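Please look over the sequence and the model first.

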Amino acid sequence: MTKPLPVALIGQKFMGRAHSNAWGQASRFFELPRPIVMDTVAGRDGAELSAFAARWGWRRATTRWQDIADDPTIELVDIGTPNDVHREQALAMLAAGKSVACEKPLAGTLADARAMRDAAKKAKKAKTFVWFNYRRCPAVAFARQLVREGRLGRLYHVRATYLQSWGGPATPRVWRFEKKRAGSGAHGDLNAHIVDMARFVTGDEITEIHGAVARTFITERVLPAAEGAGIAKGGRGAAKTGKSDVDDAVLFLAGFKGGAVASFEASRLATGWQNKNTLELHGDKGALRFDFEDMNLLWFHDETLGPATAGWRRIMCTSGGNHPYAGNWWPDAHVLGYEHGFVNMAADIVKAMSGVEPEVPLPDFADAYETQRVLEAAMLSAKERRAVKLSEVK
Ligand SMILES: NC(=O)c1ccc[n+]([C@@H]2O[C@H](COP(=O)([O-])OP(=O)(O)OC[C@H]3O[C@@H](n4cnc5c(N)ncnc54)[C@H](O)[C@@H]3O)[C@@H](O)[C@H]2O)c1
């Protein structure tokens, strides 16, 4: 009889839903070495929590996340809370001998991220994972395969953008706009993903930030309802406002160890784009491009075909047996969406927890710390208006 894997989750909102769905679906679409037990969910809003647990299939619910650390039956803890609490929660779980799957960015600050990496290293038996879910889009994992097969040859360019537009002046000052809670704005939220994707697909590491700019366009926002929106400040009907002290956009240029030059751009004010997470690579033998808003497609240009027939080829990455994960889902071109990346990742985590190495590598705390170093170096570059070598950021 295979030993079940009891999982607990902290956080019951956006990622709480995405992760609950993933834990619930993984064993329906993948043959897993161990059955998943969705044991406990922890959240702060007790009134909503029982309904959340019932809806998504959690056996128990608690408003004290520390209960999970105290429960010897839980093996894996999934953290889907704001960035400033990742450290405290991850360290408590690792100290209790549990494995941890934490949301990205690993933390709001490099110091927190370092403490998490070090605690993971010390906790010998525990495994760690970070939810860089875009690695698990079939098109992104397939792009990595093509690069590894040498289909791009010598890499010249890496061009990544993550453009959203939800952060306009009318958007309330939720935790994502508070530096002490989020660490940064678009940078840790969006650049974290594309830096991870670029490192993952190229298999190469960034060694220098050549220059960067970070900009906060909107410095004051209406407070969310719970914090006083709608409460008169000066006159009747005026909503209370609070400071928004994170970047709305961060752009930077970087160099890879292997010689490629790279540009990264993240914004929450890119009107017209909603979730335009793109990666483009150009090498001497070929080129690739991916855009999450068309996430089932990978575009490949084979330079070796010569000028008469070379050109962008549209690859629908849904062919079972040919494209990563595709065989676990639907027939060709019965397309996948946002939630499938999380389901694919939950399945891979269960494999890793059972001693089976997934085909698509999973980022652990040490790996996510390397992404966090790149983010830190880019912010330092923007602040001091200079090039920053990664070796300066330990
Ligand atoms: N992988 C992705 O694509 C992706 C997408 C969105 C968010 N995220 C990351 O997921 C994390 C959560 O983001 P979200 O969008 O789900 O936020 P959210 O605001 O929707 O939900 C946060 C949850 O954490 C709970 N919480 C807040 N403070 C807490 C505390 N001190 N102790 C216990 N629980 C607490 C809240 O009650 C809520 O349930 C962040 O690190 C974020 O960067 C990742």
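Two strands pair if DSSP finds at least two bridges between them. Helices (H or I, at least four residues) and strands (E, at least two) are DSSP runs, numbered from the N terminus. Residues are numbered from 1 along each chain as its sequence is written. This is a predicted model: local features need pLDDT of at least 70, side-chain atom pairs count only at pLDDT 80 or more, and totals for chains, interfaces and linings use all residues.

Nine strands form an open sheet with mixed pairing, in the order 16-15-14-13-7-12-11-8-17. Strand 16 (312-316) and strand 17 (388-389) stand at the edges; each has a single partner strand, so one side of each lacks a neighbour in the sheet. Strand 8 and strand 11 pair in the antiparallel sense over eight bridges. A212 has F252 of strand 11 as its bridge partner.

Helix 10 lies across strand 8, strand 11 and strand 17, at about 55 degrees to strand 8. Axes are lines fitted to C-alpha atoms, for helices over the stretch in contact, and angles run from 0 to 180 degrees between N-to-C directions. Residues are in contact if their C-beta atoms, placed from the backbone, lie within 7 Å.

The axes of helix 8 and helix 10 come within 9 Å and cross at roughly 125 degrees. This contact involves the following residues.

| Helix | Range | Contact residues |
|---|---|---|
| Helix 8 | residues 186-202 | H187, G188, N191, A192, V195, D196, R199 |
| Helix 10 | residues 365-384 | T371, V374, L375, M379 |

Terms used: Contact = placed C-beta atoms within 7 Å.
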